[in-house]
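Welcome! Take a moment to look over the chain below before reading on.

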Amino acid sequence: MPSFRGPQRTTPPLPRIRVPTARAIVDCGVYVDGKRLRGHFTPQQALAEASESEDGFVWVGLHDPDEGQMADIAQIFGLHPLAVEDAVQGRQRPKLERYDNTLFLVMRTVSYVEHDIHAISEIVETGDIMVFTGPHFAITVRHGEHTGLAGVRRELEDMPEQLRLGPVSVLHTVADHVVDSYVDVATSVESDIDEMEEAVFTPASKVGIESIYQLKREVVELRRAVAPLGPPLQVLVQNLDLPVPKEIRRYLRDVADHHTSVTEHVTYFDESLSGLVNAALAKISVQQSTDMRKIAAYAAMAAVPTMIAGIYGMNFDYMWELHQPAGYPVVVAIMVILCGLLFRSFRRNKWI
């Protein structure tokens, strides 16, 4: 059948508004001889100013840049397209890549969320921090609203002797900050696990198994964020071919030691929660067994009067006490006595 509809009109997609690169730049500073130069610089101006000095470099901080913004930064500093793609997408596995004289380090950030121990809610938030370091530049790209680097920059600016070591000093300071946040989150999670253990092994408490599973899931997410950073840190410490000063390697070795300690703690958390799950399931099983014994005891007590009443309900003429005036109260008394004896026996055996 022919269609009487007119030609289909397609609405052209709206043009995408380009957001200026400056909107993604949190800070851009030039450092010469361990001190920050006064004034405000664009990335182009900052790189030109830093290149005039042998030990000068620029530190550009970016927050959630889009493809266009990151492409502008990549063109100015000569970043590799593969690294730029990872920096835009985020949610990358921790790794260390080298592109000629540029190092690219990816780290996962974590943040602890305050919560009720018995509530099912998010406990650990994750994000990303990427660090590019080159001959005269350090670029940090941050995804997520937590683990800001403003305090890290101020802390490093108060240590001119470390800034003189070049852009890799920024990489070390950011890595140290990220690993310190791992320590803080691990300490908070450990407190949650201790509180959960106390609740599970307290006889009168009732802990939902869902709360333990939620905490275990969050610990698994924490482990996935923390553990993969170990190999990149070891490469920075041990690979002498990388453009990392000897003094920075010493600092990074300390960061790697702290990271190893945190990784071991997180692994222990996972094992502890597995034990808590088994303990909670055993506690539930014991409680169910106790409830079943109570139900069986009450059913046994109810069976006695039911049986006697069923016998007397068969309407036989020749039955004990059937036509006697005291027959009914005697039979009821027998029922009460038998139920009392059963109750006493069950209570003595702690079934009730």
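The notes below cover aromatic pairs and a charged patch.

## About the model

What you see here is a predicted model, so please read each value as computed from that prediction.

## A stacked pair of rings

Let's begin with the aromatic side chains. The structure holds four aromatic pairs. One of them joins Tyr31 and Phe57: the ring centres are 5.4 Å apart and the planes meet at 25°, so this pair counts as stacked. Stacking here calls for planes under 30 degrees apart.

Tyr31 belongs to strand S1 (residues 25–32) and Phe57 to strand S3 (residues 57–63), so the pair links distant parts of the chain, 26 residues apart. Are these two side chains buried or exposed? Both Tyr31 and Phe57 are buried.

## A tilted pair of rings

Phe77 and Phe137 form another pair. Their ring centres lie 5.1 Å apart with the planes at 55°, so the pair is described as tilted. Phe77 sits in helix H2 (residues 67–77) while Phe137 is in strand S7 (residues 137–143), so parts that are 60 residues apart in sequence are tied together by this pair.

Relative accessible area is 7% for Phe77 and 5% for Phe137. Because buried means under 20%, Phe77 counts as buried, and so does Phe137.

## A negative patch on the surface

Now let's turn to the surface. Which residues gather in a patch of negative charge there? They are Asp116, Glu190, Asp194, Glu195 and Glu198.

Glu195 is found in helix H6, which covers residues 168–200. With 41% relative accessibility, Glu195 counts as partly exposed.

Terms used. Residues are numbered from 1 along each chain as its sequence is written. This is a predicted model: local features need pLDDT of at least 70, side-chain atom pairs count only at pLDDT 80 or more; totals for chains, interfaces and linings use all residues. Side-chain values use heavy atoms; hydrogens and water are left out. Patches are made of residues with over 30% relative accessible area and no salt bridge: like charges are joined within 9 Å, nonpolar side chains (Val, Leu, Ile, Met, Phe, Trp, Tyr) within 5 Å. Accessible areas come from the Shrake-Rupley method with a 1.4 Å probe; for residues, only the protein chains shown count as cover. A salt bridge is a side-chain nitrogen of Lys or Arg within 4 Å of a carboxyl oxygen of Asp or Glu. Lys and Arg count as positive and Asp and Glu as negative; His and the chain ends are not counted. The place of a charge is taken as NZ of Lys, CZ of Arg, CG of Asp or CD of Glu. Helices (H or I, at least four residues) and strands (E, at least two) are DSSP runs, numbered from the N terminus. Buried means under 20% relative accessible area, exposed over 50%, partly exposed in between (1.4 Å probe, protein chains only). Rings of Phe, Tyr and Trp (its six-membered ring) pair if their centres lie within 6.5 Å; planes under 30 degrees apart count as stacked, over 60 as edge-to-face and the rest as tilted.
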